[in-house]
Amino acid sequence: MATTEIVVAPTSTPATAVQYRGVALLPNGKWRAYIVSRDGQVVDVGEFGTATAAALAHDRAILAVLGPGTCAAVLNFRAAFSDTELRFLRGRHAPARPSGVVAMVKLSADGSYDTELSRFASRAFDAYMDPELALDVANFRFAHSDMLHRLKEKVVITAGTTADQETCAKAKLDAEREAFVQAAKNKATDELWVERYHHRRQQSGRTFEDENRWPITMPAIDVNVDWFPGEELIYLPHGSCYVDEMIVRKDLIKNTEPDTHMHDDLLI
């Protein structure tokens, strides 16, 4: 599938304008979402009350057809999609074939799509025997461990001292499941998130695929480590298995004088 550059849609910031892909303003004031096939055929994805909703419908339709590996450059809100929603849109966990999912997206203005996504996320949370879904839950628990710990403490306090251990365990699991369902929802449904997203794109001039995996920026002046002349510290994205999340380049050492105390095995 391919998309074309469409109209300029105003955002909540009057001084700026956002150019959405696959969105067109209709005479009745609504916004039409559509995708374009490789042979130039236009596929309608529905009418929506806002340009943001139409842009999101366009992205969902594209992802339903091409899958999660779709280049972020052809999407409006790639960073807004959770792993759970990506599985819901395309693959063996999807509720229908791509054409069926696109049809569901076309009718999503009434909230039916979001309802089905929440049901899928709730079932995915309890799918312990499915390795892919279990991995999504494990990643969620790891990324939000502090929040979940506070949430469970609040649930125990609410349950009271008279509640038995089994009741408390069930209440904590239910709260954790609800948090997972909320995290699976698309971030682009939150107007504040959309405003921050566009602000970051305007500042950087880039399209981010996942705001949770942006590389960590650390000034070299704050690093207090010893390395040989000519080496360069390179910081890897969050989640790297390297110690201190850095690697050292030694391709420039050849132009430096070796240390007299350096062991021969360390020389290039």
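I shall start with how the model is to be read.

This is a predicted model, in which local features need pLDDT of at least 70, side-chain atom pairs count only at pLDDT 80 or more, and totals for chains, interfaces and linings use all residues. Residues are numbered from 1 along each chain as its sequence is written, and side-chain values use heavy atoms, with hydrogens and water left out.

The chain has eight helices and seven strands; these are DSSP runs, helices being H or I of at least four residues and strands E of at least two, numbered from the N terminus. Of its 268 residues, 35% count as buried, that is, under 20% relative accessible area with a 1.4 Å probe and protein chains only, whereas exposed means over 50% and partly exposed lies in between.

Let us turn to helix α5. Its 13 residues, 131–143, reach 18 Å from first C-alpha to last, close to the 18 Å expected at 1.5 Å a residue; the expected span is 1.5 Å times one less than the number of residues. Leu133, Asp136, Val137 and Phe140 are buried in α5. Seen down the axis of α5, the buried residues fall within an arc of 95°, so they line one face; the arc is taken over directions from the helix axis to the C-beta atoms. The face of α5 turned away from that side carries the exposed residues Pro131 and Phe142.

What covers the buried residues of α5? The cover includes α2, α4, α6 and α7.

How values were computed
Contact = heavy atoms within 4.5 Å.
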